[in-house]
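Let us walk through this model together, one chain at a time. Have the sequence and the coordinates at hand as you read.

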Amino acid sequence: MAKLERRDFLKLVGAGSVGVGAGFMLAQSIKHPLEHLIPYPIPPEEFSPGVATWYNSVCSMCPAGCGISVRTREGRPKIIQGNPSHPVSQGRLCGLGQSGVHVLYNPDRLTTPLLRTGDRGAGAFVPTTWDEGLAKIAERLRTLRENDRGNRICFLSEGVRGHLAMVFERFMEQLGSQRLWHFDFAHPRTLYEANQRLFGEQHLPYYDLKNARYLLSFGADFLGHWLSPVHHSLGLAHSRQGRPGVRGKFVQIEPRMSLSGAAADEWIAARPGTEGLLALGLAHRIVSAGHYRGPDRDGWADKLSRYPAERVARETGVDADTIARLADSFAQTQPSLAIGGGAAGNHTNGVDILIAVNVLNYLAGNLGGAGGLVFNPPPAVDSPRRHASYRTMLDLAAEARAGQIEVLIVNKTNPVFALPAAAEFKEALARIPLIVSLSSFMDETTALADLVLPSHTYLESWGDDFPEPGVGFPVGAISQPVVSPLYDTRATGDIILGLSQRVGLGTALPWANMEECLKQGWREIHQRGSQNGDAESFETFWTSVLQAGVWGQDAHRAAPAVNIEPRVIDGIDVEAPRFSAASEEYSFILHPYLSTGLHDGRGANLPWMQELPDPLTSVVYGSWVELNPVTAQQLGVSEGDVVDVQSAHGRISAPVYIYPAIRPDVVAMPIGQGHDEYGRYAQRRGVNPIQILAPEMEPSTGALAWSATRVKLVPTGRRVKLVKTDGASRQLGRNIVRTIKAVSS
Amino acid sequence: MKRDDERGMHEKWREYRRPGYYEELDYAWTMTIDLDRCTGCEACVTACKAENNLPIVGEKAFAQGREIQWMRIERYWEGEYPNARLRFIPMLCQHCEAAPCETVCPVTATYHNQDGLNAQIYNRCIGTRSCAVYCPYEVRYFNYNNHHWDPPLDQQLNPDVTVREKGVMEKCTFCIQRIRQAKDLAKDDGRRRVRDGEVQPACVQACPAEALVFGDRKDPASRVSASMNDPRAYRVLDELNTRPSVIYLKKVTTDAG
Amino acid sequence: MGVSIVPALRALKPAALTVATGLAGVLVGFWANAAFFPGTSPRQPIEFSHKIHATDNAIPCLYCHTQARRSTVAGVPSVRKCVDCHNIVAKDRPQIRKVMSYWANQQPIPWIKVHDLPDFVYFPHKRHVQAGVACQTCHGKVETMHRVKRVAPLKMGWCLDCHKAHAVEHGLDCWTCHK
Amino acid sequence: MPAEVASLRYADVNRDVVRSLVETGPKYYITLACALGLTLVCFLFPWFYQLNLGIAAAGMNHPQVWGTYEASFIFWIGLSHSGTLLSCVLHITHSSWRKAMYRSAEAMTLFSLMVAVTMVMVHLGRPWFIHWAFPYPNQMELWPNFRSPLLFDVTAIATYLTGSSVFIYMGSIPDFAAVRDRTTGWRHHLYTLLSLGWRGTDTEWHRLGWAYTLLAVLIIPLAVSVHSIVSWDWASSIVPALHQTIFAPYFVVGAIYSGTAGIVTVMFLLRKYMSFERYITELHFDNLGKLLLALSLIWTYINVLELFTGWYSGASTELEALKYKLFGYYAPLYWEMILCCAIAPLLLISKRFRTSFVPMLVLSIAINIGMYTERFLIVGTSLSRKYLPDAWGLYVPSLVELSILVGSVALFSTLFLLFVKIFPSVSIYEVKETLPEAAELPKPATAERGGVQWQPVQ
């Protein structure tokens, strides 16, 4: 071998060392990163690592009150499912309910009490402590109470039931204030009124969809969000396919096809606001065709003679044959059931409409029996009737403006978002010296607060719920914490109880925390039960209720003999609906509807709900305006064209979606988007149609008639790409969704 | 019979190709979807996202058509106003017995297992995306990028399911983690087989209309067997001979009345 | 002109030699890293000796790793479990003092994982323990180790070998172990 | 025989070819730098960006999971077709006009295959695991899926790549030897190694002749099978408009078509910029033109047939896919393709057109643009119109994709530019065979059997 020269040798050494280094680093770079194995300092008793633990609780995402089962792993909730033992949800759950985990883990949750520093609404807050925060408000409350000015305190809460509602009630009572209101945008106030007037019932009846054979729904999107969608879905499915040889038929009457309309066997687009007229037209046919044979038949015949088919057909836009056909089937297919709500209840004649719908149930004999309206016994813990109507909110705003309100406590309700701009509620809030919000999120109302005392989410706190409407027998469920609090927040009940201690309300609210309060409340329920010979101890009872996640009594109420007095019959009438503004200029009726995922806007900060394609349009992450294809053609717009929707009270713009199942004189918009605040997923996305609603009210209840706004559409010439998941919307004869004709019975 | 690993490749291939091979599965997991019950509420879609760590992709990805929905609802309009009708059909991996996707994957990242499931092995996938091309049901979703969960949303992630990385195909697994767990529990109890109803994929569990039924069609007493024998049963795109394990029950329409 | 490739080879030799040395270096470096820094026996925050516990004091594995029979994970004992004994036993040893300081602060001990499987692997301890697989089959003779060292490669082929040898039911199905 | 060829002497050939290797002007370096720079900026950087981010960098979506990468893959595979295949066919049919152009045509095959393989890497979601597609014993005890047309692809392309490399190398050995003998310094060493000790003895020529012909015969079916197999990636799916039995011949014809057009382009450039005017002549363009015309007619026929079968099926799936292709979002591209690949080539009927260089260049480029469009339409429209209308979508390539498309051309150019400085881009010995001088030499005894008629003058 040739002699190695020095230079070559150095080269080799160099190359070799570079190679070794590179090889070493290569090996290092493909190594697994170091992972840790973190033990618990003290082993938890409730769960063991690697094994899922289930907790039963109650869903608080909407007022339906479904029972839920939460699967947790290593102490962290992973998924929420329905509680199979709970009669409302029966192991099932809607998308919004399942998104509860996103409320818990929302990155935009408020983590600590906040004190406003800058101007109101400027969004400048500094963290503070609970002691400081509570002391600040407690002092104000004490001063007001001691000076007999307690009524200057106002408490505005989301709709709550059970013992929490009771705590609120006593708290405000002790402070000496009557200004305690529950505010939910979608609260079916007119429905309560209609039931009260016709049947004298305080509580909503149970709609037994499950056993009905013919269902007539006037505007109620009972599968989407109306009252108890999960329970209704179960009921409808059972009525169709749960009984051998019998398939319930279902007709939906509404101006824009909702989720329920899509499920219906027949969808009829009556003119908006004339649903009551249509119902009375059907009633007329039922009576005149002799389907109704009650003793007060003549009274009805006389009363209903004002609603002959021709008139009804002319005014509703539903032809006379259809009216006769529907009426005959409704009366003859027993049991049948008529329900009304949603948009039909949100007209200026909403109560009339819903009464007219109930008249149908009366005439067809659907009261009290299976497959009809079942009257609920009073719940074990009755909730106060505290739901604020639009008129109440206007009054509140007026009082605030007049300086009569000094402290406003807001609990997880968002009136700034959910009231029309015409109410000028936001401006009124500016006149209130101290606004305290108990919200878990920085929503539009909380952004105006002076002090934010963030409360737990429902998955972290104690509570209970007695669903309304019930399921025909007394049901209750306890909501228990399924996870230890993630942040420095407190349960709403605990905040109020803590406040009452600081203010010195003493004996009326003796509990240290909500858990104690609940236990005492449920002790009473247990004692009532024990009188019936149920002799288990309270602790056993309590544990069993927690474990089962539900408590019920087999106490069906005997069907009351409903006899409607002639006076009431005489009073039945439907006024013509009133719409804001002139039809010449504002040629469309705006039909805002609650979005399936976002509900009234509360779901807008949940990423899953933002990413849930709207069931009917498949649009995600935004707002849109639904137009009939004919309307769109007349306006010269197509999908994605941005139009200005102008009412006499404001205007918003959103892209057009061509919707094949909407009346040409109606434009529909989903509610839920258009948040200015409320976290990263909700902010600056879409528009809020509530803002442009006209302040029309149903006169007897003061409920906002939110289907009574007229609008005009002005194409802006802009175009955006509507973000949706659907490609083409027709089957093109490919037989993907196959149908089979039912053999008519 | 010889053990699995003792048999040669040819022997195995011959067996796979024998008609009726799939009838001799351990289980034959099957789902029926009653279109007459389905209301299109999308509770199943959310349940699937929650159970299977589906990513939150964001608006931009949606606009680009890169959403991931193992379970999705398809909607088809029929007729025009006022007789317009909307038909929903939940679409998920059909777990075909003759799955086109299984033949095309060059690395066998997707294959048919002994439970009649069309398995997708994420860590084997190299991302050719050919399975998605071959799938006539378009239920295979590709991870175009790594996904991010804004903390603490990541705490919701199901530890029983892998979080998929970029470049990997994914799809409905019939909630294999739940099947696996049910089998584990059966073994803990000393049972040989899983009982009917013991396994409920997240979508089936959630469905408020009880439109979805899941079970083993080899068990003649199972709910799903009863459901399959409904005269309304059909398979979507039956003409392609993919022999899906998801069976739909026809939507019932009625005469006016 | 000659056609022999020898002169050409000779001319190219120095360059080829350098490249070859470099490549050989890469192999050596790779091997050296894998052989001398395998990372299979990381230094733990507390020098816990399995030998003292499991052999000298004959504490069974499942006494501390209580979950192994019931759960997918074997379970690393809580700090309290350590303290329960060490309140009395060997209180004054420096390592025990460390444990007690963790306990006093209610801090977890940040153990470093020695047996770490990728996230896409479903490995239920309970299936294996219930099937009578000894802990030592995968973890080696931990009871003789002062510092735990991973002895098994924990690679897929290694798992499969055992599954095959024991004819595990569906032991070769991907979905048995991958999630 | 054209006059310019007739005037050539052996010495001219030697000098010209060696000059093309040795004398390198600044223009070459500038071009190479541009090509290299473009490869870097348009291919490598975007690719690294995509590796880092994921396929999100491209415009693909659900259901359109394949895009331009896949189209480019077929395009480059297609382009690779003519070179070696044509060279082999012409070799065994003793078409002497092949001899001046086959080397660069084969190089085109080789490099477009390489680019095609790179496109596969770019296309994959996790290219760092591509080795799993190869059958080799491994600790996971897993094999690839032999039923997969994609695996057939891997096999076919790997074989074709190997075959083409060996073929081009083998054919170059005598030339390497010739260059070796005329160069000094490092080049001399390099070519000494490359020529593997070639002396030019009778035995060597004899063996080379045999091996070369044998390989040529083997490569022809291989080349045909490669593109048939590539077409099976599509045809064995059940996607409407892709699930067609005609696809294999369709792809093969398309491939040869675009490859031939590619050869024309390359010929033009070599002729013009490497001063091979005397070797690459009107004759070549004329013959290639005739071939192109024939191919374009076959191609058009198959396209019409595709429309017919789609329409005749009467199935909504086929009709909609066809409708989308013809009148949908990408309709302009479809008609552009028809113009470039079916109508414009009709000009080739005229001999004057065939023998004019610039028009031929323009046409050849147009044909390849059209053929790229064809591949893009196959990938980019069919997947958007599959069975479930609800899942229909639209695919628009992203900037990264377009950049990588440009970059892949740059990559090809870079490789080719490097090639012309290492390989004699015109075959010295085979060109010499066609010269008048060849006739003057005594024929070696082996000529009868080996089909090699000429032996280089040392």
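How many Å² does the accessible surface of chain B come to, and what share belongs to carbon and sulfur atoms? The surface is about 8300 Å², with 49% belonging to carbon and sulfur atoms; areas come from the Shrake-Rupley method with a 1.4 Å probe, and for residues only the protein chains shown count as cover.

Before going on, note that this is a predicted model, in which local features need pLDDT of at least 70 and side-chain atom pairs count only at pLDDT 80 or more, while totals for chains, interfaces and linings use all residues. Residues are numbered from 1 along each chain as its sequence is written, chains are lettered from A and ligands numbered from 1 in the order in which they are written, and side-chain values use heavy atoms, without hydrogens and water.

Chain B has eight helices and 11 strands, both being DSSP runs numbered from the N terminus (helices: H or I, at least four residues; strands: E, at least two). Of its 257 residues, 70% are buried, meaning under 20% relative accessible area (1.4 Å probe, protein chains only). Its C-alpha trace spans about 65 × 45 × 40 Å along the principal axes.

Now turn to chain D, where you will find 18 helices and zero strands. Its radius of gyration is 23 Å, close to the 23 Å that the globule rule gives for 458 residues, so chain D is as compact as a globular protein of that length. That radius is taken over C-alpha atoms, and the rule is 2.2 Å times the number of residues to the power 0.38. In chain D, 63% of the residues count as buried. Chain D exposes about 17400 Å², and carbon and sulfur atoms supply 72% of that area.

Key. Buried means under 20% relative accessible area, exposed over 50%, partly exposed in between (1.4 Å probe, protein chains only).
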